[in-house]
Structures are given as C-alpha cells and as structure tokens.
Amino acid sequence: MEFTALFLAIAVVMLIAWHGPRPLALTLFGVLLLASAATYLHHATDVLKLSF
Amino acid sequence: MTRRLAITLNALSLYALAGVLAAAFAAQLWLHELPCPLCLLQRVQFAMLAIGPILNIRFGPRPSHYAMSLLSAGLGAVVSIRQILLHILPGDPGYGSALAGYHYYTWALIGFTAAILLLASMLLFDRQFEDRANSPIAAGPFAGLAVRLVIALTAANVASTYLECGLAACADNPVVYEMLQRGAR
C-alpha cells in the first residue's frame with residue numbers, strides 16, 4: 001500500500017511540477033523524499049549476513 | 001553550455017528514465033517477476049529522479065532542480081547497495097533473474113551512480129543558469145512528450161503496485177498479484 005501511495009504522490013508532484021507553482025512542487029518533493037527514506041528504514045530490517 | 005542545450009539534455013534524461021521504468025515493467029510482465037519492496041523502492045527513486053528535469057524544462061535549469069535529482073539518486077544508491085549486500089554471500093542466488101550477468105539491483109546501482117556523475121557534470125556548466133530573468137523557454141514537442149511519457153509510466157506503477165500489494169503491506173517475496181488473486185476467489 002505504501003508504494004502505491006508513493007507512486008501516486010510522485011505522479012501528482014510531477015503534474016504540479018509541469019502545470020503548477022514551483023514552490024509547491026519543491027515542498028512536496030521534500031515530503032516525498034522523507035517519506036521514501038522512512039519507507040526504506042521500515043523495510044531495511046533483514047539482518048545483513050556479512051563476513052567482514 | 002547554453003540554456004537550450006541543457007534543456008534538451010534534461011529531456012533526453014527523461015527518455016532514459018522512461019526507458020528504465022519501461023524495462024522494469026517488461027521484466028515484470030514478460031518474465032512474471034514481481035518486484036520486491038526494495039525493488040519497488042528503487043523504482044520509486046528512479047521516478048523521483050525525473051522531477052528535477054521536469055522542473056528544469058518548465059522553469060529553466062537551476063542548481064536546486066539538479067540537487068533534487070542528486071538527493072533521489074543518492075537515496076536510490078543506498079537502497080540498491082542494501083539489496084546487493086543482502087545477496088553478497090557466496091552461493092546466494094540473488095533475487096530474480098540476472099540480465100547480462102547482473103541482477104536488476106546491481107544495474108540499478110550502476111544507473112544511480114551514472115546519474116550522480118552526470119548530474120554533477122551538468123552542474124559544472126554555469127552558463128545554463130544565466131539569463132534567469134528571461135521568460136521560461138517554451139517546451140517543444142520533444143521535451144513535452146518526454147514529460148508525458150514519464151508521468152504515464154509513473155501512473156502505470158500506481159496501478160501495478162495496487163494490483164500487486166492491494167491495501168496491505170507488500171510481500172517480501174511476492175509471487176502473485178494480491179488483488180487479482182482476491183478477485184479470482
């Protein structure tokens with residue numbers, strides 16, 4: 001579900017970047033970046049079985 | 001580098017990103033390999049990479065637009081490195097099939113690294129940032145088509161991930177489209 005929401009949000013930000021005001025696109029991009037970083041941290045839970 | 005040349009290169013970068021997103025779809029549909037959560041997150045970062053060039057085409061090149069793409073490429077590289085490390089031990093078959101000897105997440109790291117190098121190279125050319133007072137250059141059909149293509153592919157990913165995951169968290173190792181499975185029951 002979170003990825004559907006992320007892709008939807010990206011499509012909306014792209015449309016705003018193409019048709020809407022620039023400051024809104026920049027702000028929403030920042031929110032998107034934070035949301036995707038949070039999603040990464042949520043999914044990066046598997047233990048890395050490294051030998052070094 | 002003139003402003004117009006920079007905008008043309010930005011349009012070309014959108015075609016390249018559209019190619020990456022289309023190739024991911026081709027692997028998903030023809031090879032029936034559903035993307036895992038980390039794979040989807042790499043696609044997300046490739047799509048986010050496109051927002052900077054869209055702004056460059058519409059408002060003219062600005063360092064802040066390139067910075068946005070650099071941040072996306074950096075996060076994408078972190079995600080792909082994480083997935084490479086998950087499968088780095090000898091004997092691990094990796095996730096999904098390999099293309100020309102490399103798995104998709106390795107190709108993704110190569111792609112994000114190339115994007116970082118290209119974006120940093122673009123920032124070397126100051127002339128594109130001059131004449132900002134001039135009105136934005138009207139995007140021609142070449143650039144306009146690139147923008148529409150990348151937006152359409154992102155919208156297709158909305159539908160694809162909804163079919164794959166539904167309203168629940170995506171499976172770690174997905175083998176079926178949850179929503180299609182639910183419809184068949």
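With that, I put G91(B) in the loop between α4 and β1 of chain B.

**Ground rules.** I am working on a predicted model, in which local features need pLDDT of at least 70, side-chain atom pairs count only at pLDDT 80 or more, and totals for chains, interfaces and linings use all residues. Residues are numbered from 1 along each chain as its sequence is written, while chains are lettered from A and ligands numbered from 1 in the order in which they are written.

For burial I called a residue buried if 20 or more other C-beta atoms lie within 10 Å of its own, exposed if 12 or fewer, and partly exposed in between, with C-beta atoms placed from the backbone. G91(B) counts as exposed because 4 other C-beta atoms lie within 10 Å. I also looked up its separation from C36(B), 55 residues apart along the chain, and found 20 Å between the C-alpha atoms.

I then turned to backbone angles, recalling that most residues other than glycine have a negative phi. H32(B), which is not a glycine, has a positive phi of about 55°; H32(B) sits in the loop between α1 (3–30) and α2 of chain B, and it is exposed because it has 9 C-beta neighbours inside 10 Å. A100(B), also not a glycine, has a positive phi of about 55°; I found A100(B) in the loop between β1 (98–99) and β2 (102–103) of chain B, exposed with 5 other C-beta atoms within 10 Å.

**Entry on chain A.** I noted two helices and zero strands in chain A, and buried residues make up 35% of its 52 residues. Helix α2 (residues 22–43) of chain A has 22 residues and reaches 31 Å from its first C-alpha to its last, close to the 32 Å expected at 1.5 Å a residue, where the expected span is 1.5 Å times one less than the number of residues. Which residues of α2(A) are buried? I listed A25(A), F29(A), L32(A), S36(A), Y40(A) and H43(A). They lie on the same side of α2(A) because they cover an arc of only 70° around the axis, the arc being that of the directions from the helix axis to the C-beta atoms. The face turned away from that buried side carries exposed residues, including P23(A), L24(A), V31(A) and L41(A). The buried residues of α2(A) pack against α1 (2–19) of chain A together with α2, α3 and α4 of chain B.

**Entry on the contact between chains.** I counted two residues as in contact if their C-beta atoms, placed from the backbone, lie within 7 Å. The contact takes 35 residues from chain B and 28 residues from chain A. On the side of chain B that touches chain A, α2 (37–49), α3 (51–59), α4 (63–86) and α6 (141–165) each supply at least two residues, and the largest share, nine residues, comes from α6(B).

**Entry on the core.** A nonpolar core is a set of buried Ala, Val, Leu, Ile, Met, Phe, Trp, Tyr and Cys residues joined through C-beta atoms within 7 Å. The largest has 60 residues, and those with the most contacts inside it are I10(A), V13(A) and I51(B). I saw that α1(A) gives the most to this core, with 10 residues. Leaving aside neighbours within four places in sequence, I10(A) is in contact with L32(A), V44(B), A47(B), M48(B) and T154(B).

Key. Helices (H or I, at least four residues) and strands (E, at least two) are DSSP runs, numbered from the N terminus.
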